[in-house]
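Try each task first, then compare your steps with the solution.

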Amino acid sequence: MPKVSVCIPAYNQPELLRKTLNSVITQSFENYEIIVTDDSTDDRVERLIKEFSPNPNIRYYKNEKPKGSPQNWNYAVSLATGEYIKLMHHDDWFENQNSLCEFVRLLDSNPKADFAFSACLAKDLDDTLKFVHKPNPEQIKKLHDNPDILFFGNFIGSPSTTIFRKKIDASFDPKLKWIVDTDFYIRVLCKHKFIYSSSPLLCITTGTAQQVTGECCNNKQVELFEYIYVSGKLKSAFPNFRRIWFFAKLFKKYHILTFKDIYDVDNSRCINAKEVTIALLLNKIIFYGERITQYPRKILRHSSRIMKSKKNIFDLIRLVIAAFVSKKYFYFKSYSQCGEDLIVSYILKNYLKIEFPSYLDIGTNDPVHFNNTYYFYRANSKGVCIEPNPELFKKIKKIRPKDICLNVGIGSKNIKSADFYVLSSDTLSSFSKDEAERLCTLHAQKSEKILKIPVVNINEIIEKYFEKTPNFVSIDTEGMDLEILNAINFLKFRPEVFCIETLTYVEDKSERKINEISSFMKDNGYVIYADTYINTIYVDENAWKKR
């Protein structure tokens, strides 16, 4: 029987898996087995494994139907026969030839510990060190005292940095995707002791497109459900105030004000009522408090009327407290994905001397979160928001009543309507059938429904709803951006600034910049002012020269 079972749940990317396997078979510690459970969409991993045969230590299993993570992780662990389980993601590898020996030594020399983990090195594909992932001593102390601390941030890291005894008989929760490792660690460490090594024994790959990351990162449906679900598992006699603040921030991020907003994304309603209810109430206070902070002069102007009765005096006190709390703890200057709104504001205000810019937001999606125009809306600017998804449109219209909100699509051809493909992640929905099908393949998306949505030419939108050309145009339409740009009459309409998503995923799961957009903008007299990798900000060259 092997001492260690190295379990590798694989998903495509055979070249990365090759590096992982080579790092295992060259270890100085030799009493191990390698279990590869293949969830890939093709046979490339299977062909790679044949290159390593007839290595008797490798056992390969091809899943008849894709299990997805974490079911594939659990399957690999279930096949293990070793005393210790060493889970390895297919794109991680041992830091040196003695790493596995050091992992085994951690448990062998600490018989009371059933779980161990180490620091790790984060490297990119060319083996360049990006950073060292190492919990600080205070975090390790808190983890010994209360494993629930991981709820607020997983400082243990990837499951690849861990090793544990098979006898703990724990599995990864199949209901989770994003914080599945956090949930696993909390459950295990609540019952079992751990040991930690500050020596980096493992390398993890950074800078590559990951299926789970692409599907879950900043996905409202995933984040809300998973954090509420895991919170419900954490037993406490009284509400945990740190988790209340955590949820209040999370609700603010996704503009959640009622239980209905939660139920819209959490049909199972697995809610820790104490903490979530308090957080919702707090978030309402903060929401209205922020509105008060936007209009301090109006408060002062009407203060004499407000102070006429005791009831109004108490109302004023509550509002002032709410305003203070919101400013102190929850005031975020940027609402964009990577601070694009602050960059655009700097260009417009400091260089082009435009104090209250008008804007056209094509593909608004969420009215606040990861939104390039909400910053300007809060600063009393107005514009037009275009959103084809009817459910999102209702939310935009409710939260941004000063804006003109249109439940239409933008088209370049003379058509009155088009099919809109609603995917399981709202941000990936598109009018492009090819793009929708591609995203379903790349990111394990599901096509929820196909809607017939009215389509309007962009030049008609500008002519009808703007006295002049909008100062700022934000475009994020999942595959339709270049087509929309081609439809703009640049001889007639010249917005000063554009912010356009110029990053896409290609078939091998890697990322690619859409250079065709930058070439098109250059041909039409726009220069690149900034690039946040995901989005590119363009400025009209003539307007820039006149600054």
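We begin with one residue and its surroundings, in what is a predicted model. Leaving aside neighbours within four places in sequence, Arg165 is in contact with Glu83, Tyr84, Leu107, Asn110, Pro111, Ala113 and Asp114.

**Exercise 1. Describe the surroundings of strand β1: which strands does β1 pair with, and how many of its residues are buried?**

Solution. 
- Step 1: count the covered residues. Strand β1 spans residues 4–10, and seven of its seven residues are buried.
- Step 2: sort the side chains by direction. Val4, Val6, Ile8 and Ala10 point one way from β1, while Ser5, Cys7 and Pro9 point the other way. Both sets are buried.
- Step 3: β1 runs parallel to strand β2 (residues 32–38), and seven bridges join them. Within β2, Tyr32 is the bridge partner of Val4.
- Step 4: turn to the other partner. Four bridges join β1 to strand β4 (residues 84–87), again in parallel. Here Cys7 stands opposite Leu87.

**Exercise 2. Work out the strand order of the open seven-stranded sheet, and then see which helices lie on the sheet.**

Solution. 
- Step 1: write the order. The seven strands follow β12-β11-β10-β16-β17-β21-β20, and their pairing is mixed.
- Step 2: β12 (404–406) and β20 (526–531) are the edge strands, each pairing on one side only.
- Step 3: zoom in on one pair. β10 (residues 359–362) and β11 (residues 383–386) are parallel and share four bridges. In this pair, Tyr359 stands opposite Gly383.
- Step 4: Helix α15 (residues 340–351) lies across β16 (472–475), β17 (497–501), β20 and β21 (535–540), and runs at about 15° to β21. Helix α21 (residues 515–523) also packs on the sheet, where it touches β17, β20 and β21. The direction of α21 makes about 165° with that of β17.

**Exercise 3. Classify two of the aromatic pairs by geometry, and say which parts of the chain they link.**

Solution. 
- Step 1: get the overall picture. The structure holds 32 aromatic pairs.
- Step 2: take Phe117 and Phe194. Their ring centres are 5.7 Å apart with 35° between the planes, a tilted pair. Phe117 sits in strand β6 (residues 113–123) and Phe194 in strand β9 (residues 193–205), so the pair links distant parts of the chain, 77 residues apart. Phe117 and Phe194 are both buried.
- Step 3: take Tyr529 and Trp544. The centres lie 5.6 Å apart and the planes stand at 65°, so this pair is edge-to-face. Tyr529 lies in strand β20 and Trp544 in helix α22 (residues 541–545), so the pair ties together parts 15 residues apart in sequence.
- Step 4: Tyr529 counts as partly exposed because its relative accessibility is 31%, whereas Trp544, at 19%, is buried.
- Step 5: return to Phe117 and Phe194. Ring pairs link both into a cluster whose members include Trp73, Phe115, Phe164 and Tyr196.

**Exercise 4. Find the rings that have Lys67 and the charged end of Arg242 over them.**

Solution. 
- Step 1: start from the lysine. Lys67 lies over the face of Tyr75, 4.7 Å from the ring centre.
- Step 2: go on to the arginine. The charged end of Arg242 sits over the ring of Phe152, at 4.2 Å from its centre.

**Exercise 5. Characterise the surroundings of Gly411: is Gly411 buried or exposed, and what is in contact with Gly411?**

Solution. 
- Step 1: Gly411 is found in strand β13 (residues 409–411).
- Step 2: with a relative accessibility of 10%, Gly411 counts as buried.
- Step 3: beyond neighbours within four places in sequence, Gly411 is in contact with Val455, Val456, Asn457 and Ile458.
- Step 4: Gly411 and Ala487 are 76 residues apart in sequence, while their C-alpha atoms are 7.8 Å apart in space.

Note on methods. Residues are numbered from 1 along each chain as its sequence is written. This is a predicted model: local features need pLDDT of at least 70, side-chain atom pairs count only at pLDDT 80 or more; totals for chains, interfaces and linings use all residues. Side-chain values use heavy atoms; hydrogens and water are left out. Two strands pair if DSSP finds at least two bridges between them. Contact means heavy atoms within 4.5 Å. Axes are lines fitted to C-alpha atoms, for helices over the stretch in contact, and angles run from 0 to 180 degrees between N-to-C directions. Rings of Phe, Tyr and Trp (its six-membered ring) pair if their centres lie within 6.5 Å; planes under 30 degrees apart count as stacked, over 60 as edge-to-face and the rest as tilted. Buried means under 20% relative accessible area, exposed over 50%, partly exposed in between (1.4 Å probe, protein chains only). A charge sits over a ring if NZ of Lys or CZ of Arg is within 6 Å of the ring centre and within 35 degrees of the ring normal.
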